[in-house]
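Here is a short report on one protein chain. Look at the sequence and the model first, then read on.

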Amino acid sequence: SSGNQRRVQGSSGINAEYGRGTAQASYSAGGRMCSITYMDSTMSINVSHFKKLENLYAQAEIDPAGDDSLFHSRVWCLMKRYKMLRSSMTGKLQSENFGLHAALPRKAFELLNRKFHVSFECFASPFNCYFSQFCSAFPDIDCYFGSRGSFFDFKPKSGSFQANPPFSEEVMLAMANHMIGLLDDTQDALMFVVFIPDWQKPLTPAIPRLAATIYCQHNILLESGNHQYITGNQHVQGLTHYDAVHGTQVYVLQNDSAVDMWPLQHSDMEQLRNAMSYNREWG
């Protein structure tokens, strides 16, 4: 798809988007952090993620002129939006708050790409995405950095996709229903590799929904304390890993065409289990 096709009508609704002043970027003396200032509000991001956003922005091809001031304004809007979302989670359970933007370790994504042929994330943000193709929560601002919009408006007919949704029972069940509907509607090879928390007491409805579908070809449980995620604040803290405080259920949903095109073995699932266990030597 072209950048124009991905663009969503409207803008972020923040003044910086409309040109009434522009945001300015500056680097810290140590060169590790970048500050984006609009009017009297400053947002901080680590330099590696700022460079990542630059790359995503260029790939999206929405601003062919390469206007730095417009780019900086959109980064400021992006950071403000996600900061407000995280602030709204104050008081939530620790596992819910971390799970809001937590990402898989890079080794897990490398394996998903190599063995499971995944190249697209169903739930990500410009900050935590591993692939440049992803769906996200806020298309009006995320679209400038490559988002294809909401997963629930996304209707692929083929391909292999990773899903690590927000740890919300309603979102996870809606995700499961949407995936099963997509698998019902195509004869082409379609696959989803899904990661959700193992909430048993009470049982979260997405678990039996995913486990019982005819498309569930593989399922493993990652036990709490034996696997890691990258914190949801990685664009400020860096790639900080934390031990999962819950078990994680991993489901592989495949239709018959996907089973034929991408046959998976139990050993592949065990490799994925190992890749979810962070080793400091990997970085």
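The buried residues of helix α7 pack against β4 (159–163), β5, α8 (206–212) and β9. Contact here means heavy atoms within 4.5 Å. Helices (H or I, at least four residues) and strands (E, at least two) are DSSP runs, numbered from the N terminus.

This is a predicted model, in which local features need pLDDT of at least 70 and side-chain atom pairs count only at pLDDT 80 or more, while totals for chains, interfaces and linings use all residues. Residues are numbered from 1 along each chain as its sequence is written, and side-chain values use heavy atoms, with hydrogens and water left out.

**The chain and its confidence**

The protein chain holds 11 helices and 9 strands. Buried residues make up 51% of its 283 residues. Buried means under 20% relative accessible area, exposed over 50%, and partly exposed in between (1.4 Å probe, protein chains only). The chain exposes about 13000 Å², and carbon and sulfur atoms supply 47% of that area. Accessible areas come from the Shrake-Rupley method with a 1.4 Å probe; for residues, only the protein chains shown count as cover. Among contacts with a separation of 6 or more, 67% join residues 24 or more positions apart.

The mean pLDDT of the protein chain is 83, and 77% of its residues reach 70 or more. Over residues 1–19 the pLDDT is below 50, and this stretch has 40 contacts in the model beyond near neighbours in sequence. Residues 91–99 also stay under 50, with 16 contacts beyond four places in sequence. pLDDT is the predictor's confidence in each residue, from 0 to 100.

**The sheet**

Which strands make up the open sheet, and in what order? There are 4, in the order β4-β5-β9-β6, and the pairing is mixed. β4 and β6 are the edge strands, each pairing on one side only. The twist averages 10° from one strand to the next. α7 packs on this sheet and touches β4, β5 and β9; its direction makes about 165° with that of β5. Axes are lines fitted to C-alpha atoms, for helices over the stretch in contact, and angles run from 0 to 180 degrees between N-to-C directions.

Strand β9 (residues 248–254) is mostly covered, with 7 of its 7 residues buried. T248, V250, V252 and Q254 point one way from β9, while Q249, Y251 and L253 point the other way. In a regular strand the side chains alternate between the two faces of the sheet.

β9 has partners in β5 and β6. Strand β5 (residues 190–197) pairs with β9 in the antiparallel sense over 7 bridges. Strand β6 (residues 216–222) also runs antiparallel to β9, joined by 6 bridges. Two strands pair if DSSP finds at least two bridges between them. F192 has L253 of β9 as its bridge partner. H218 is bridged to V252, and L221 stands opposite Q249.

| Helix | Length | First to last C-alpha | Expected span |
|---|---|---|---|
| α2 (residues 47–60) | 14 residues | 20 Å | 20 Å |
| α7 (residues 169–184) | 16 residues | 23 Å | 22 Å |

The expected span is 1.5 Å times one less than the number of residues.

What is buried in α7? The residues are M172, M175, A176, H178, M179, I180, L182 and L183. In α2 the buried residues are V47, H49, F50, L53, L56, Y57 and A60. E61 follows α2, and its phi is positive, near 55°.
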